[in-house]
Amino acid sequence: MEVSSAISEIILEEWNGSSSTKLSRTATITSSPSLCIQRSGNRFHHVWRRVLQAFVPEGFPSSVTPDYGPFQMWDSLQGLSTYIRMMLSTQALLGAIGVGEKSATVIGATFQWFLRDLTGMLGGILFTFYQGSNLDSNAKMWRLVADLMNDLGMLMDLVSPLFPSAFVFVVCLGSLSRSFTGVASGATRAALTQHFALQSNAADISAKEGSQETMATMIGMALGMLLARVTMEHPLAIWFSFLSLTVFHMYANYKAVRCLALNSLNPQRCSILLQHFMKTGKVLSPEQVSKMEHVLPIWASSWSSKNSESMNVDISLGVRVSSLNHLELRELLHSAGSHYKKAKYLLVERKGIVCIVMHKDSTATDVLQSFFHANAMANLMDKHRSLHSESQSWMDKHYEAFIPKLKVSGWKTERLLSPTIIWKANWICGSSDGKID
């Protein structure tokens, strides 16, 4: 009897949600005096949450970084404007190829389209060859550059009917421009996905990004077809719409990139962090650094940023030893036997630029330390004559405390995001047969 009495008092609750902080009770089941199911919660709210799960990662927002939401909002808006403009540029391109004209031939249009695609493929391979290793370290900048190149590509398609004699050349230029976009945006998206993933959920984030992009594509194509229909045979309206959407597209991209607070260390963030630490003894957070770093190429942003002079430290990582002159080689050999006996790198000042020579057995930790050391030397360049001694003294006193402070502030200190170092050297100190390769 006691057992049946205990069973009659059991209450079973049903909860729904992908995260422990986002659970909501949907039903309560009781067995006394008879089996009773009481549903709770708004059915519309439940359906809305199910629909939302197709577009946001599981456990959102706790499963992603705080900058995920603002970035995706602006990214979706820029994607929407891209697909609207694509309808206008595609309409102009098809008209230039000869769609709808009796004089146009199938083989002629096919050949022009083939040349266009071939140029884009070759351009993508060349861009990957020259800039592939640099995309990780400058994800923000390349994200903007990728969309700018995409804008130029669509502009080429739109102006192609105006130059019938140079149609193939103009279209191939547009395809070449868009090929850079495909490589750069794909690579930077992979880097950003890793940044957003707080619970090893990069695959989920990437899948939901695909859903968001598909939705933006469908809406953009529908609005684009409507706009193309309204502006048909009205060149002024077409150009006004295209240029207005292009301006909004670049603004949305800039806002999206500005939302990002990346916690990986690249050359620019290292320079900002070390300069501030040397002045104040405090470490900036990723959010603070994101407001200070350049998101445009240095040549485009240096004239408009008041901090550009202090942040642009001239450092050359992975210098080829044989490119140094005799005086610089003498300085390098002397410093190898005095200031850098225990280090896996050598520093030498060359025409106002701090050059870093990496040891052939150097690790990712050594590369990061060498770059911070070079920054310290560059910051002391105008204040001290004995750069090697002063910078080494600063590193001995502060570097071991600086790295833990970076970790506490949320920075990833495992490696420096930089282009691949292909030139290294080997040196042996303290023996007569010492050499530098």
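The accessible surface of the protein chain comes to about 24400 Å², and carbon and sulfur atoms hold 62% of that area. Keep in mind as you explore that this is a predicted model. Of the chain's 437 residues, 42% count as buried.

**Overall build**
- You can find 15 helices and eight strands in the protein chain.
- Among contacts in the chain with a separation of 6 or more, 70% join residues 24 or more positions apart.

**A pair of helices: H5 and H8**
- Helix H5 covers residues 139-159 and helix H8 covers residues 235-259; their axes come within 10 Å and cross at roughly 170°.
- Angles over 145 degrees count as roughly antiparallel, and H5 and H8 are therefore roughly antiparallel to each other.
- On the H5 side, the residues that meet H8 include Leu144, Asp147, Leu148 and Met154.
- On the H8 side, the residues that meet H5 include Trp239, Phe242, His249 and Tyr254.
- The residues of this contact divide into twelve nonpolar, three polar and four charged.

**A sheet of three strands**
- Three strands line up in the order S5-S7-S6 to form an open sheet with mixed pairing.
- Strand S5 (315-317) and strand S6 (345-350) each have a single partner strand, so one side of each is left without a neighbour in the sheet.
- From one strand to the next, the twist averages 20°.
- S5 and strand S7 (residues 353-358) run parallel and are joined by three bridges.
- To see these strands side by side, look for Ser316, which stands opposite Cys355 in S7.
- Helix H13 (residues 326-338) lies across S6 and S7, running at about 145° to S6.

Notes:
Residues are numbered from 1 along each chain as its sequence is written. This is a predicted model: local features need pLDDT of at least 70, side-chain atom pairs count only at pLDDT 80 or more; totals for chains, interfaces and linings use all residues. Side-chain values use heavy atoms; hydrogens and water are left out. Axes are lines fitted to C-alpha atoms, for helices over the stretch in contact, and angles run from 0 to 180 degrees between N-to-C directions. Helices (H or I, at least four residues) and strands (E, at least two) are DSSP runs, numbered from the N terminus. Angles under 35 degrees count as roughly parallel, over 145 as roughly antiparallel, 65 to 115 as roughly perpendicular and the rest as oblique. Contact means heavy atoms within 4.5 Å. Ala, Val, Leu, Ile, Met, Phe, Trp, Tyr, Cys and Pro count as nonpolar, Asp, Glu, Lys and Arg as charged, and the others, Gly among them, as polar. Buried means under 20% relative accessible area, exposed over 50%, partly exposed in between (1.4 Å probe, protein chains only). Accessible areas come from the Shrake-Rupley method with a 1.4 Å probe; for residues, only the protein chains shown count as cover. Two strands pair if DSSP finds at least two bridges between them.
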